[in-house]
Amino acid sequence: MSHRAIHCTLSIQHDSSCHSHEERDKMSASVAVYRDIYTEDRFRQTYGTEDQSRGRERLRDRLAQRCSCSQVDCLHLLKKRLPVCSWLPKYKIKKWLLGDIIAGLTVGIVHIPQGMAFALLTSVAPVYGLYTSFFPVVLYMLFGTGHHVSTGTFAVLSLMTGSVVEQLVPIPLGLNSSSPEGAELEAQRIGVASAVAFLSGIMMLCMCGLQLGFLSTYLSEPIVKAFTSAAAFHVTVSQLQSMLGLRLPRYAGVFSLFKTLASVMENVPHTNLAELVISLLCLAVLVPVKEVNSHFRERLSTPIPMEIITVIIATGITYAFSLDSKYDIQIVGHIPAGFPEPRLPALETVPEIAGDTVAITLVAYAVSVSLAMIYADKHGYSIDPNQELLAHGISNTVSSLFTCFPNSATLATTNILESAGGHTQLAGLFTSLVVLIVLLLIGPLFYFLPKAVLACINVTSLRQMFLLFQDLPDLWRISKIDFVCFNLLSFPEKYL
């Protein structure tokens, strides 16, 4: 093999102040370097191209990094996927604990009537709303990254899930819910609602696995507001029959809003006057108190829990005067005490609910991540959108095994949690304790609670959603496109 010799002079340089010119010449040396002569093709065969070499090195490094499992990496992964391990050791007891206790208890008190009320929107028994107000709260406390996010039942998801339930398991008018046939239909209904929650959770987990959390960057605020505003129309109309004491079928599908309105107008002469009076009294109390809570939120240490006060008073009056038997008032009925037994949802309905579940999943993700971002920006911390997908995915999947319907972050309770002084997810622990006490001990006492009261709670909880229309003039000046999107998406029949 031929070699080429390369001669070069190796000079050892020193400071000129120490050595003369002659001394530097003597210290110079010649070095001969021999190497093989390569053609371009032979060099590529031996060593490959620079890009290939770098590509192989990058691939090896990447695989080695992914396959390595050091103690530091395991700890980092644990803190990333189970955020409670990250913030709990740094918890400031003296600074944060009191605020978390007060905020958690306040939100727990609100969860009780709201959970039962939103269960009616889902077309299931009120006790399932209590279950959905317990399990997701505990799970999000462990896996969520939003310090001020409160999860549980949400009117928008309840309404959309209720439409699916009504389509698949309609209940004939006049059927006694305490009869064997009524109990069987009720079991089928919660099976469908739980199947929607299970499939929604699986979809979120898949989105997390595909790292689709970046989609939150493209969520336009007007679009989210339009969805929630449209839901407010449907929720209000769907609750009219309960507020008037009418026994009417619940419509689903195209033009369901107008069908429900027409049915209510036709049956107005059959209004139950006792339930109408109860509804008017509840609205006369709830609306002013909500305005007081809104206008004086900075002065009030905790919002006035008028919902639970109204529930307690209405239940006591109905029981004391036997209003259910004397005036044929619709009441909640039996609420079993204790935990539900774990069971699989009605998975055989998955092909029929898949299309609606996609919409429910996107709405749940949009609302949850938007709320988390709003309060994270306000308090100067960041959230992980992919971890939020994981948290809500686990929350829906696991809770569906305990007869819960779809859940997400909620507007009202998140606002209460933040305004009441909550600092971390630990507030969820105290919220779940309140709901747990109701489930184990107090639940059966709500037997005589009028459904009209729950309907009023549903309607008054939508006050903020209706107020979103006040933003339209400013939106028109800022962006004509967002203005058009808001109006198109908030048109009621878009929320079928």
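**Salt bridges in a predicted model**

In this predicted model, arginine 247 and aspartate 328 form a salt bridge, with 3.5 Å between the closest N and O atoms.

**Exercise 1.** Determine which parts of the chain the pair of arginine 247 and aspartate 328 ties together.

*Solution.* Arginine 247 is placed in the loop between helix H11 (221-244) and helix H12 (256-266), and aspartate 328 in the loop between helix H15 (323-326) and helix H16 (350-379); the pair therefore ties together parts that are 81 residues apart in sequence. Next, consider accessibility. Arginine 247 has a relative accessible area of 39% and is partly exposed. Aspartate 328, at 47% relative accessibility, also counts as partly exposed, because this class lies between the 20% and 50% limits. Finally, salt bridges with shared partners join Arg247, Glu275 and Asp328 into one network.

**Exercise 2.** Locate glutamate 307 and its salt-bridge partner, and classify glutamate 307 as buried or exposed.

*Solution.* The partner is lysine 290, and the closest N and O atoms are 2.8 Å apart. Glutamate 307 belongs to helix H14 (residues 306-321) and lysine 290 to helix H13 (residues 273-295), a separation of 17 residues. Glutamate 307 has 11% relative accessibility, so it counts as buried, the cut-off being under 20%.

**Exercise 3.** Identify the helices connected by the salt bridge between glutamate 166 and arginine 189.

*Solution.* In this salt bridge the closest N and O atoms are 3.1 Å apart. Since glutamate 166 lies in helix H9 (residues 155-168) and arginine 189 in helix H10 (residues 180-209), the pair ties together parts 23 residues apart in sequence. Both glutamate 166 and arginine 189 are buried.

Technical notes. Residues numbered from 1 in each chain as written. Predicted model: local features only at pLDDT ≥ 70, side-chain atom pairs only at ≥ 80, totals over all residues. Heavy atoms only, no water. Salt bridge = Lys/Arg side-chain N within 4 Å of Asp/Glu carboxyl O. Helix = DSSP H or I, 4+ residues; strand = E, 2+ residues; numbered from the N terminus. Buried < 20%, exposed > 50% of the residue type's maximum accessible area, 1.4 Å probe, protein only.
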